[in-house]
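Open the structure in your viewer and keep the selection tool handy. We will go from one stop to the next, with something to look for at each.

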Amino acid sequence: MSDQVYRTEKISEDLYVITETESVHCYLILGDRAAILFDTGYGYESLEPYVRAITNLPLSVVLSHGDPDHGLGSSWFPEVYLHELDCGKLLRNDTREMRRKALDYRLAKMPELRGKIRGEQYLNRTLGKTGFRFLKEGDRLELGGKDLEVIHTPGHSYGHIMLLDRANKRLFSGDQVTAHNVWYFFSEDEQAPFIMARRSMEKLLKEKADIRDIYAAHGRYPISTDYIDDQLECLRREIKENFKEDQPFCSFMGNGLQHRYKTVNMIYSMDRLKKELENGI
């Protein structure tokens with residue numbers, strides 16, 4: 001099933017991607033006995049019919065983190081899994097105001113979607129009937145013939161997680177490792193310090209032998225482990241040496257500066273960078 005709101009692509013017999021509004025990749029991972037949907041998008045419409053067009057296996061929904069483009073679609077499901085540190089973040093985003101911003105942004109970018117998204121229904125949705133279950137570092141999700149391991153990777157958010165399929169050498173990386181931009185311009189009550197992001201990249205480096213393909217939530221897929229190396233190098237030294245050439249970046253979620261280095265496209269605030277420089281990244 002594909003339409004203007006969602007597009008489905010079969011990557012392999014056990015892996016599909018459902019892309020919302022040409023922007024957010026939600027991965028459907030199949031085992032012999034169960035399936036996982038990793039991330040739910042803004043939830044402009046329900047993902048379930050697209051999932052059920054592919055499989056009737058029992059389904060668990062897992063969120064990489066609590067940003068609106070990853071978690072608001074959870075309102076279409078009775079239960080979702082996420083890290084407890086991002087539950088509050090997700091609930092703070094569960095407002096009509098945030099949905100209005102997300103809808104207006106998308107329709108301005110893709111006017112052909114007018115009439116394809118039931119706007120009033122979307123604005124009135126809430127997470128009120130969705131239950132939460134929490135995941136932590138090292139948890140294993142058993143699908144039958146396939147296990148997915150939870151890796152806690154704070155940085156873009158405190159509760160950001162990835163899923164590692166060691167048998168197939170696949171890493172589902174959410175927003176933390178991507179060919180798209182990585183945002184670090186919110187305050188420290190919402191996004192972890194650079195030093196925590198750096199430690200997350202160092203943790204991923206230890207798993208490189210079991211990672212061949214990285215499936216990120218935005219941009220092209222799969223990408224290579226070079227994206228981990230480059231982000232770590234950027235966080236260790238490169239950004240503090242070259243930030244003076246960075247240009248402004250504006251979005252409906254806020255404004256910052258854009259730093260490009262090899263595969264890295266980082267959006268950050270000068271206040272954040274100054275604090276990191278004072279403390280030593």
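The tour below visits a sheet, a pair of helices and a pocket.

Before you start, bear in mind that this is a predicted model.

**Stop 1: the sheet.** Select β12, β16, β15 and β14, and you will have an open sheet of 4 strands in that order, with mixed pairing. Colour residues 182–184 (β12) and 247–251 (β14): these strands stand at the edges with a single partner strand each, so one side of each has no neighbour in the sheet. Looking across the sheet, neighbouring strands are turned by 35° against each other on average, direction ignored. Now zoom in on β12 and residues 264–268, which are β16: the two pair in the parallel sense over 3 bridges. Show V182, and then M266, its bridge partner in β16.

**Stop 2: two helices.** Next, select residues 194–205 (α6) and 226–242 (α7), which pack at an angle of about 145° with their axes 9 Å apart. Their crossing is left-handed.

**Stop 3: the largest pocket.** Which residues lie closest to the centre of the largest pocket? Select S23, D69, H180, W183 and H218 to find them, out of 24 lining residues. The space there is about 480 Å³. The largest share, 3 residues, comes from α4. Colour the lining by class to finish: 9 residues are nonpolar, 9 polar and 6 charged.

Notes. Residues are numbered from 1 along each chain as its sequence is written. This is a predicted model: local features need pLDDT of at least 70, side-chain atom pairs count only at pLDDT 80 or more; totals for chains, interfaces and linings use all residues. Side-chain values use heavy atoms; hydrogens and water are left out. Two strands pair if DSSP finds at least two bridges between them. Axes are lines fitted to C-alpha atoms, for helices over the stretch in contact, and angles run from 0 to 180 degrees between N-to-C directions. A crossing is left-handed if the near helix is turned anticlockwise from the far one by less than a right angle, and right-handed if clockwise. On a 1 Å grid over the protein atoms alone, a cavity is a set of points where a 1.4 Å probe fits but cannot get out, and a pocket is an open set with protein on both sides within 12 Å along at least five of seven lines; lining residues have an atom within 4 Å of a point. Grid points are joined across faces, edges and corners, and a volume is the space filled by probe spheres set on the points. Ala, Val, Leu, Ile, Met, Phe, Trp, Tyr, Cys and Pro count as nonpolar, Asp, Glu, Lys and Arg as charged, and the others, Gly among them, as polar.
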